[in-house]
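The sequence and structure are shown here.

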Amino acid sequence: MHDFVIKEVINADMGKELADIGFDKSYLNEACKKFVYKNLKIYNLSMAQANILKQTAISVGADCATHRETITAKIDKTDCLLGGSYSQLKKIAAKLVLQPFGLKFLGEQIDNFLSFNKTNPTKIVGILNLTQNSFSDGGEFYELTDALNHLHELISDGADIIDIGAESTKPYSTAVGDNEQLAKLIPVLEYIRANNIDIPVSIDTRSSIVAKRCLQLGAVMINDVSGFDYDKGMPGIIAKYNAKVIIQHSKCTPDKMQDNPEYDNLMDAIYLSLKNKIELAVLNGIKCENIIVDPGIGFGKTRKDNFEILKRIEELRGLGYPLMLGLSRKSILNMPDKDNFTKDIYSTALHSVAICKGIDYLRVHNVKLCRGLVDLLKQE
């Protein structure tokens with residue numbers, strides 16, 4: 001009996017693997033596409049669309065799962081799971097372009113989806129809390145002198161962006177008024193402008209009034225943890241000032257978001273909610289290149305949910321926008337009684353997972369640790 005040796009190849013450079021076994025180099029690039037497998041979920045297809053998609057997938061040796069009543073037409077709509085190699089999916093996309101029932105557009109979308117390639121390094125967003133009740137450093141930088149010292153420390157440690165907030169949105173916190181927020185934010189922004197400090201500034205606020213004044217003072221980004229749910233005027237202000245925006249998913253307001261959060265399908269709920277908010281942003285005049293999305297770790301999620309997001313964060317790539325992740329010192333660590341440096345160490349461990357998955361922005365408290373990690377994981 002022959003003793004065969006079998007090893008699974010995972011996350012490898014398939015071009016190199018093929019070359020190593022002596023594969024024909026002239027066909028190397030095309031062959032690689034046959035060894036990249038993807039599963040795509042496509043929502044809300046009609047019976048005609050689903051049946052054509054399934055037959056098209058079968059014709060190229062791929063797979064397509066639909067609702068069991070698709071053939072009988074006892075239902076009107078179905079979601080589909082389409083699975084195949086990159087090469088097979090490209091063929092399916094090309095075939096769909098020639099089909100009726102609007103499938104031409106589906107084919108074009110699948111083709112565009114397959115063309116996305118993340119190449120930019122992860123950027124570090126340093127957190128500057130000007131609050132007395134932040135979950136991790138409440139009150140530590142409440143006084144202006146302390147805030148400015150920390151600002152310089154974050155920049156020195158290697159932050160690419162500074163995210164400044166004057167309203168805690170931790171679980172069970174209550175809203176902070178516009179004037180109270182601005183009283184803390186304006187002196188910091190005026191200091192940055194007066195001293196020609198050259199670093200992009202993001203403002204962590206749900207208020208369009210706060211956002212407007214801060215953008216006038218030089219901020220270039222708004223981090224809205226409510227994803228436009230709290231203040232309907234926010235999209236218009238961001239569009240008017242041509243600012244970038246971080247659109248975050250949150251189940252509801254902070255005072256209620258951790259009251260037994262439940263989802264039928266967590267990643268579907270996040271994905272579809274963010275898609276709707278992106279459409280709202282664009283409809284209000286926000287440029288596509290100014291949009292960043294955030295799944296909202298800890299905002300209306302259980303600890304299990306948070307780990308599921310981290311494990312599957314790459315699924316949100318399908319939205320077509322850069323991804324932000326903020327897990328620093330949060331309850332995902334399950335360390336309520338530990339000191340902040342201990343939390344930072346474990347946060348950095350989880351950040352390594354996010355970086356390896358191609359996350360675009362990491363919002364962190366300990367910039368120095370995260371900068372060291374990003375530099376360590378750089379692949380020249």
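Is Arg363 buried or exposed? Arg363 is buried, at a relative accessible area of 15%, where buried means under 20% relative accessible area, exposed over 50% and partly exposed in between (1.4 Å probe, protein chains only).

The model is predicted: local features need pLDDT of at least 70, side-chain atom pairs count only at pLDDT 80 or more, and totals for chains, interfaces and linings use all residues. Residues are numbered from 1 along each chain as its sequence is written, and side-chain values use heavy atoms, with hydrogens and water left out.

A salt bridge is a side-chain nitrogen of Lys or Arg within 4 Å of a carboxyl oxygen of Asp or Glu. The count by this rule is 19 salt bridges. Three of them are listed below.

| Pair | Closest N to O |
|---|---|
| Asp163 and Arg363 | 2.6 Å |
| Glu279 and Lys275 | 2.6 Å |

Helices (H or I, at least four residues) and strands (E, at least two) are DSSP runs numbered from the N terminus. Asp163 is buried at 1% relative accessibility.

Arg206 and Glu167 are both buried. Arg206 sits in the loop between strand E6 (201-204) and helix H8 (208-216), and Glu167 in the loop between E5 and helix H7 (178-194), 39 residues apart.

Glu279 and Lys275 are four residues apart in helix H10 (residues 266-283), which means a separation of about one helical turn. Glu279 is partly exposed at 41% relative accessible area, and Lys275 is partly exposed at 37%.

Salt bridges also link Asp160, Arg371, Asp375 and Lys378 in a network.
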